[in-house]
Amino acid sequence: MSAQKTSISRRTLLRGAGLAAAGTALSACIPGPGTGGGGSSGGSQKLRLRYWAWVDDPTSRVLSDLADRFNENHPSIEVDVELMPASAVYERLLAAINAGDPPDASAIHVNNVADIAAMGALHPLDQYFDAMPDKDDFVPTAVLGSRLGDESAPLHTMPWYGLVSYLYYRPDWFRDAGLPEPRTTDDFVSACRAVTDPAAGRYGYGLRGATHGHIHYFIWLATLGGLEAVQGPDGAPVFHQPEHIAGTDWFLDLARTHQVVPPTASGDGFEQLMNNMKAGVTGTAIHHIKSSETLVAALGAENIRAVPMPVGPSGRRWTEFGPSMNAVYAGGQDPEAAWEWVSYLASPEAMRIFCTEDGGLPVRQSVGADPYFQENPFAKVSIDSLPDAYLIPFTE
C-alpha cells in the first residue's frame, strides 16, 4: 500500500472522537538574553532555551541528562527542560503562543501540529533538515509524519521516535488449541473463536470500544479494504458509504456474530484492554511496544508474543504509525539554536539513549539496526511493521 496524502484542518479523526487535551494554561518566562546565528552570544550570558516535553515516567532524568550533554558541548547555549503531563502540553502551548511567549522548542503530539502550524507558530525546518548529510537515515514514514502525511507539505517538526501498533497474543492459549500464530485476518477470526470460552471468562479478542478505539477500527478497515476504504481522495471519510460497509460489518461481527470479545468491550479503554490481557480475560489485543514491559511482568515472557497486524484478503496489511516529534517555534528567541537542540535529540546517540530508556521506537534506520532493538522481540516486530505503518488519516 502506498502512503496516502492527508487533508488537515482543525478537525477530529471521527466526529465525536475528540482529542484529549487537558491541563492548566500556564506560561513561564525564563530570562537569559541571546542573539541570533545559531546561539552565538554577543555578551557573556548564555542563550537559555526553553524546552517543554513529557515522558512516560515523570521521575525519569533521560531528557535532563541529554540536555546536560548538549549544554556541555554548546557553551553559548543552555537548554532548560521542563516536563509536564502530555495532556497539558497542547493547552499550555496555545496559551503561550497567544501571549506571544512560546517556548523555543517542545515535544508535540501529531494531532496538534496542524492547528499550531495554522497559527503561524511553527518554524519550518526543511532548510535545516535538507542540509543534514545523514537525512536519508531517517525512516521515510517518520519524515512523512512530520509533513502530516503530505509529501509536498513543509517539514513542520523534527522526527524523534515512533510507535507502531501490532497484535499481542497469548502463545500458551494458541498452543493449547493447536493454533499457529495469526498471520491473516481469517487466521485471526478462527483463532479467536477457538480460544473463546465465555463460561471460563475467556475471549479471543480485546476490542477497545472506548477512547481511541476508533484507531483500532481504522486499522482493521484499512487492512480489509485498503486505506481508500477509510478516506476518499478529498480527505473526507468514506467508511460509511455502502461499498465500504463490509469492513464495518466484519469488525462488528467480532462481537455480534462470533462473540469473541468481552461483554464490556464497548466501554473498554486502554486500561481495561491491558488489564484484560494481564488477567487472562483476552487472548489478543492491539497495542504497541510501550505495553510490552507490563505484559511480560504480568504474564511471563513465555506467555506473551507479538506479530505484525494480520494480512487482509487482498494480501495487504495496514497499521498505525504514531510519530513523536519536536517543534521549533517561530516566536522563540533563536530558531537556529533551537534547531541545534532538536536535531541533537534526533541524532543517533541521543535517539538510542532516549528510546532505550523511554521505550520508544527509533526512527533512524541505523539505530533500529542496533542489537538492542533487533534482539528485543517487541521492538523487532515494530521495526518489521514499519513498511505497512502510516498515520491514522485525519478527516475534514
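This is a predicted model: local features need pLDDT of at least 70, side-chain atom pairs count only at pLDDT 80 or more; totals for chains, interfaces and linings use all residues.
**Entry 1: the whole chain**

I started with contacts (heavy atoms within 4.5 Å). Among those in the protein chain between residues at least 6 apart in sequence, 75% join residues at least 24 apart. Residues are numbered from 1 along each chain as its sequence is written, and side-chain values use heavy atoms, with hydrogens and water left out.

Next I looked up the helices and strands, which are DSSP runs numbered from the N terminus (helices are H or I, at least four residues; strands are E, at least two). The protein chain has 16 helices and ten strands. I also checked burial: buried means under 20% relative accessible area, exposed over 50%, and partly exposed in between (1.4 Å probe, protein chains only). Of the chain's 396 residues, 55% count as buried.

**Entry 2: the cores**

Then I went for the nonpolar cores, meaning sets of buried Ala, Val, Leu, Ile, Met, Phe, Trp, Tyr and Cys residues joined through side-chain atoms within 4.5 Å. The largest one has 84 residues, and those touching the most other members are Tyr51, Leu63, Ile116, Phe138, Met158, Tyr329 and Trp341. Helix H12 (residues 335–345) gives the most to this core, with seven residues. Another core, of 34 residues, lies apart from it and includes Leu227 and Val307.

What does Trp341 contact, leaving aside neighbours within four places in sequence? I found Tyr51, Leu63, Leu66, Ala67, Phe70, Val79, Val81 and Ala105.

**Entry 3: helix H3**

I picked H3 (residues 110–118), which is mostly covered, with seven of its nine residues buried. The buried ones are Val110, Asn111, Asn112, Val113, Ala114, Asp115 and Ile116.

**Entry 4: Ser382**

My last stop was Ser382, which sits in helix H16 (residues 377–385). Is Ser382 buried or exposed? Buried, because its relative accessible area is 1%. Its side chain reaches the backbone oxygen of Phe378 at 2.9 Å. Not counting residues up to four places away in sequence, Ser382 touches Val164, Tyr166, Ile289 and Leu361.

Note on methods
A polar contact is a pair of N or O atoms within 3.5 Å; within protein, one must be able to donate a hydrogen and the other to accept it, and residues adjacent in sequence count only if both atoms are side-chain atoms.
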